[in-house]
Amino acid sequence: MNAPIVYLNHEFMPLAEARVSPLDRGFLFADGVYEVIPVYAGKAFRLQEHLDRLQRSLDGIRLSMPLTNRDWIHAIDELIRHNGGGELSIYLQITRGAAAYRDHAFPAGVDPTVFMMATTRKPPEPALLAMGIRAITLDDIRWRYCHLKTIALLPNILLRQEAIDHGCTEAILVRDDLVTEGAASNVFIVHKGTLLTPPRGPFLLPGITRDLLLELAREHGIPCREADITRDMLAEASEVWVTSSTREILPVTEIDEQAVGTGEPGPVWAQMMAHYRVYTDLLRSGDAA
Ligand code: PDD
């Protein structure tokens, strides 16, 4: 890729020229929201669903939507074009802007800061998919607005790093004996032959990948339900996966040093991955919903 071109406050420019004030509330308070949108062959994945979730995150932090739906679609298309199309990951962030001085209260008359960048999207390595990943369960120490995609990610960062420090790829978070999600992913299990994922609510992000998986499972007759997952159910599961825009569907083959099921990626995962590939191939050729 040539020098990356980014979008900052209605303008496209080389990354090296993009400047944000140190008084920006994103920097001072993590006062903002974000989205990560994967791009397949130049086509944004479930763009409207991402923009709808962005609207809900903005509503949740009481910040108005700075661009119209049409302007977002146009700006995202331009960003993809400026960065050569292909397989990308778009990061989009809106903060409450830079006021003249630091004060917790919302500033009056300040424009939000809108930033977008595109990076090359690397799908998970085949070796990783063949073996699956290791995970660790950790206490979900986060707040009660986890359904909002805010840039205040320090708890997620600490949890992910703790997982890495234990030789794991992801942390599976547990709150009051119930699995919520991963540090940066949603969780699915196959339990007694049924695919389960925790229901939407304040303790997890409604992942766009998660929702697509539920749709694909229903479409292809794979028994699935949104249901609470206890620690015991997690331990009994024959398969566990984590899902996200950037990592798609990753099989988890070891949790807390115990093998999940046979210790290898399971048959339901393989089936779902095949459906997911068909979907992303249709998106590449311009035929996916
Ligand atoms: N995160 N839950 C959390 C806490 C996440 O951070 C993410 C994704 C997900 C999955 O959502 P989606 O399927 O819409 O990507 C669930 C992104 C990729 C990130 O922070 O980089």
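Reader: About how much space lies in the largest cavity?

Author: The largest cavity holds about 40 Å³ of space, in a predicted model where local features need pLDDT of at least 70 and side-chain atom pairs count only at pLDDT 80 or more, while totals for chains, interfaces and linings use all residues. Residues are numbered from 1 along each chain as its sequence is written, and side-chain values use heavy atoms, with hydrogens and water left out.

When the whole structure is searched, 1 cavity of 30 Å³ or more is found (a set of points, on a 1 Å grid over the protein atoms alone, where a 1.4 Å probe fits but cannot get out; lining residues have an atom within 4 Å of a point). The largest cavity is lined by Ser238, Glu239, Val240, Trp241, Pro251, Val252, Thr253, Val260, Glu264, Pro265 and Gly266. Two or more of these lining residues come from each of the elements β13 and β14 (248-255), strands being DSSP runs (E, at least two residues) and helices DSSP runs of H or I with at least four. By class, the lining of this cavity comprises 6 nonpolar, 3 polar and 2 charged residues, with Gly counted among the polar ones.

The open space can be described in the same terms. The largest pocket (an open set with protein on both sides within 12 Å along at least five of seven lines) contains about 710 Å³, a volume being the space filled by probe spheres set on the grid points. Its lining has 31 residues, and those closest to the centre of the pocket are Tyr34, Lys149, Leu153, Ala183 and Ala184. Two or more lining residues are given by each of β3 (32-40), α5, β9 (178-182), α6 (208-219) and β13 (239-244), and the greatest contribution is that of α5, with 4 residues; this helix spans residues 154-165 and includes Ile157.

As for charged contacts, the model has 19 salt bridges (a side-chain nitrogen of Lys or Arg within 4 Å of a carboxyl oxygen of Asp or Glu). One of them joins Arg96 to Asp31, whose closest N and O atoms are 2.7 Å apart. This pair links distant parts of the chain, 65 residues apart, with Arg96 in the loop between β5 (88-95) and β6 (113-120) and Asp31 in the loop between α1 (25-29) and β3.
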